[in-house]
Amino acid sequence: MSRHVAVVGATGAVGQEFLRVLEQRKFTYDRITFLASSRSAGKTITFQGRPHTVVELTEKSFEGVDLALFSAGGSISKKFAPIAAAAGTVVVDNSSAFRMDPQVPLVVPEVNPEDVKAHKGIIANPNCSTIIMVVPVWPLHRVCPIQRLVVSTYQAASGAGYQAMLELEEQSRDVLAGKTVTPKILPHRLAFNLFSHNSKIGDNGYNEEEVKMVTETRKMFHSDAIQITATCVRVPVPRAHSESINITFAKPVSEKQVREILAAAPGVRVVDDREKNHFPMPLESSNGDDVLVGRIRQDISQPDGRGIEMFISGDQLRKGAALNAVQIAELL
Ligand code: A2P
């Protein structure tokens, strides 16, 4: 069957990663179209050694397109994903627009691949911090149900897009050169600083990123019983997110059991060398497919043995976005 694939937001940080992942995984297609705003229309993108012209996204862009990978922001998805689905295109959407829609499957292939089957034209790719967390947490939850998760994130600039990555680089140079820095993309200076995640704060004091980690995890785990609290922070790292995760299981679980489960878990690599003080780092998870997991230890504040601590790091642009979306497309 001939297959026409479109990448929406092809010039963005996730869009560019889509291209790399498609190339590396030898994704099969017959025709590929790169869509972005009118600002980029006419620019050239080199893909698999061949030049492709970027085309402006319009309501007519999806005629004859079988699969569209969307990463151009929530408002673009809200408007164009239903248009694409109505044209017969299957959309894998990286934005938050449809994630909590009961009609739309929200999928991490290592967690709930079977949910893909229920799609009605749109499948949502979860939030990047959520994806990175659930890859190692789900296999533990399957063996012994988790009652409570306490997560603190250390999120890279890439989560705010390509312009935010550039801003971090430029700011770092400017600060070192003694120049005054005026943030334009992110709300505060990120170079040599960190700040609470730049999403809207709700009435209960949680920001939107923190709420996503709670609601999206529950949707994918098909469980409202799991209690989750999150604190999300932006750190001056270009592209991989890290997270400290504290788990309370329903029953005692040993550190040894956790190590064994994680050693066999798909998409996970245990990096946990206490002697060398070598644990997951964004420098080492960047550009890789696996979520690195380390600092695995029994939580001493839970003397009944039900608590586990761990620290993880995963590439926000790859597993947190483009790779997960392409893996969803592969499930189809
Ligand atoms: P463009 O480069 O033409 O602005 P990032 O998340 O890294 O900021 O990337 C956002 C992506 O979404 C870019 O590819 C951007 O294209 C695309 N985009 C933004 N606004 C629109 C729009 N109105 N129509 C189509 N694509 C858009």
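At what angle do the axes of helix α1 and helix α8 cross, and within what distance do they come? In this predicted model, the axes of α1 (residues 13-24) and α8 (residues 318-331) cross at roughly 50 degrees and come within 9 Å. On the side of α1, the contact is made by Val14, Glu17, Phe18, Val21, Leu22 and Gln24; on the side of α8, Arg318, Ala321, Ala322, Leu323, Ala325 and Val326 take part. Sorted by class, this contact of α1 with α8 holds nine nonpolar, one polar and two charged residues.

The scheme can now be applied to helix α3 and its contacts.

Helix α3 (residues 128-143) and helix α6 (residues 255-263) have axes that cross at roughly 120 degrees and come within 9 Å. That angle makes α3 oblique to α6, and α3 passes α6 in a right-handed crossing. Here Pro136, Pro139, Leu140 and Val143 of α3 meet Val258, Ile261 and Leu262 of α6. By class, the contact of α3 with α6 has seven nonpolar residues, with no polar and no charged ones.

Helix α3 also packs against helix α5 (residues 208-221), at an angle of about 40 degrees and with the axes 10 Å apart. That angle makes α3 oblique to α5, and the crossing is right-handed. From α3, the residues in contact are Cys128, Ser129, Thr130, Met133, Val134, Val137, Trp138 and His141. They meet Glu209, Lys212, Met213, Glu216, Thr217, Met220 and Phe221 of α5. The contact of α3 with α5 comprises eight nonpolar, four polar and three charged residues.

Attention may now turn to the ligand. Which residues lie closest to the ligand, and how many surround it? The ligand is surrounded by 15 residues, the closest being Thr11, Ala13, Ser37, Arg39 and Ser40. A polar atom in the side chain of Ser37 lies 2.5 Å from an oxygen atom of the ligand. In the side chain of Ser40, an N or O atom is 2.4 Å from an oxygen atom of the ligand. Tyr162 takes part through its backbone: a polar backbone atom of Tyr162 is 2.9 Å from an oxygen atom of the ligand.

Note on methods:
Residues numbered from 1 in each chain as written. Predicted model: local features only at pLDDT ≥ 70, side-chain atom pairs only at ≥ 80, totals over all residues. Heavy atoms only, no water. Axes fitted to C-alpha atoms, helices over the stretch in contact; angles between N-to-C directions. Helix = DSSP H or I, 4+ residues; strand = E, 2+ residues; numbered from the N terminus. Parallel < 35°, antiparallel > 145°, perpendicular 65-115°, else oblique. Left-handed = near helix turned anticlockwise from the far one by under 90°. Contact = heavy atoms within 4.5 Å. Nonpolar A, V, L, I, M, F, W, Y, C, P; charged D, E, K, R; others polar. Near = heavy atom within 4 Å. Polar contact = N/O pair within 3.5 Å; in protein donor to acceptor, adjacent residues only side chain to side chain.
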